[in-house]
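Hello,

Here is the structure you asked to look at, with my notes below it. Please read them alongside the coordinates.

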Amino acid sequence: MTWSTVVITFSFFSCVATIHSLWKYHRSRYPPGPTPIPFIGNILNFGRETPWVTVSQWAKQYGDLVHVTVFGRHVVLANSLSVASELFERRSRIYSDRPELTMLTMMGWGFNLAFKHYDDPLWKRHRKVFQRFFGNRSPISIQPIQEGQAQELLRQLADTPDLFFLHTRNYAASIIMHAVCGHEIIKKNTHLIKLATDAVDTLSEEVFFGAQVLFAFPSLKHLPEWFPGGAFKSLARETRQVTSTLQNIPVDLVKKSAASGSTIPCLTTELLELPDSKSEDVLDESDIKALTATAFAGGIHTVESPLKSFFLAMVLYPEAQRRGRAEIDRVIGPGRSPTLQDQASLPYINAMCKEILRWHPSVPLGVAHSLVAEDEYEGYYIPKGTGTPAFVCQTVTEAHRAMSRDERVYSEPDLFIPERFLNSDGTLNDGDSSFVFGFGRRVCPGRHMAEGTIFMAVASVLSVYRISKAKDIFGRDIQVKEEYSSTGLITGPLPFRCSISPRSEEARILLNNLS
Ligand code: HEM
């Protein structure tokens, strides 16, 4: 053996030993979590169904910060409010990126600010518009839209109460679409609501699963469509058409209407009329199209889910319903419908809205954040990295479901108890469920609007309707189960039956006057 062979062999083994010890060092300093299987990591531990329930169990077993791997990529789950606030708010400078989203970009969703990188100038510009238009001081009058659509919801429930699932979806979609395109456009183009809801449906579980696989094996994106396993490419191609239509049609309709001389008060008109300046905030037409479609993508399914949870809770917890109705009778009386002006005088209804959001968070694993630099938390190492959407791969995500089940914050967390947000004198306490809207610089910019939309639906429905178990043909109660969809980014109650009927003669008269 020559000297050079000895040196090379020695260097090789030293390198291997160093890499191994570094790996072990980092490995031992990762937050605790279930033991990974070589190569695939913990993907099987997540399970395909209700991964958020698994994560809540890990929170109990391993603590507030849990580490898992998927195909060699790291995932860190922030399971408590305090850890999430520390990481995503106090350290937001490094925790505000999003992971790489090849699959969603292939599907044409790349325009959506929710999926853009933190250093992308478009993210900053689009987010500014969202904060301005969907915040508390929006120049587009969102409150009259919410109040008007709440009346429409009551009307639809009076005509076809069994279709309450559809009506809640339409209510959520109509509000955001009226805000974006204006009443006139939506009235004449009702198919737009279906276009938007269908497009958002494409953000399904298959997409997120496909995205994870693509992230692990990026070269798969070059597979031809006809090749076994290449079906995701045809899905991406078809979806691209839907997302492109979603961006184009609403803006084109508003422009057409403006060209014919009628200005429709809405977000699109406001954006089209922004003064042309050289500032970095100037928006071109593609920005406007992206912003309008982002609003539909963010503001329909997320809102629809808690509204369905509301109907479910009313069937399962009749005492909460009784207390809500009693408060409305006491504060508003039977002669008129609630408005957003009444919100401050209805603490029980507000507590109910907070509890609806907490009971079953609609985005149970949050939207993954990604770190722009490695970090350390209480001695644990958190790697820098990019990853795929949802919860997988070198991301740190807010485990909203685990937070909602944290017994240190919410006693008996599986139960629906609005009183947890009230003081003994009936006023609202400091309790909160706003974690469902995320944290830090990526916190949901539609949260104020969403809260108003939910409040209007809950208060209006309880003011006139009694919600109870439906009866079978023998007059027996049909039992209802607390069952939720188990996959995807957004969860919501599975279809169930209930009876929705006017709760008094005055309510019947009020409903008749609406139509
Ligand atoms: C109950 C209703 C809603 C829930 C539970 C919800 C939840 C969330 C969550 C968890 C995030 C991610 C936050 C993070 O990464 O920390 C988010 C982001 C976002 N939401 Fe919402 N949301 C709701 C309603 C809305 C509405 C009505 C809109 C539109 C008007 C909207 C638009 C967005 C957008 C654009 C983002 C991306 C923000 C960014 O990445 O900078 N959301 N939402």
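Cysteine 444 lies in the loop between helix 19 (400-404) and helix 20 (447-464). Helices (H or I, at least four residues) and strands (E, at least two) are DSSP runs, numbered from the N terminus.

This is a predicted model, in which local features need pLDDT of at least 70 and side-chain atom pairs count only at pLDDT 80 or more, while totals for chains, interfaces and linings use all residues. Residues are numbered from 1 along each chain as its sequence is written, and side-chain values use heavy atoms, with hydrogens and water left out.

Aspartate 375 is in strand 3 (residues 375-377). Its relative accessibility is 15%, so aspartate 375 counts as buried (under 20% relative accessible area; exposed is over 50%, partly exposed in between; 1.4 Å probe, protein chains only). The aspartate 375 side chain makes polar contacts with the side chains of arginine 91, at 2.7 Å, and tyrosine 95, also at 2.7 Å. A polar contact is a pair of N or O atoms within 3.5 Å; within protein, one must be able to donate a hydrogen and the other to accept it, and residues adjacent in sequence count only if both atoms are side-chain atoms.

Leucine 514, in helix 21 (residues 505-514), is buried at 14% relative accessible area. Not counting residues up to four places away in sequence, leucine 514 touches Gln151, Leu154 and Arg155 (contact means heavy atoms within 4.5 Å).

Regards
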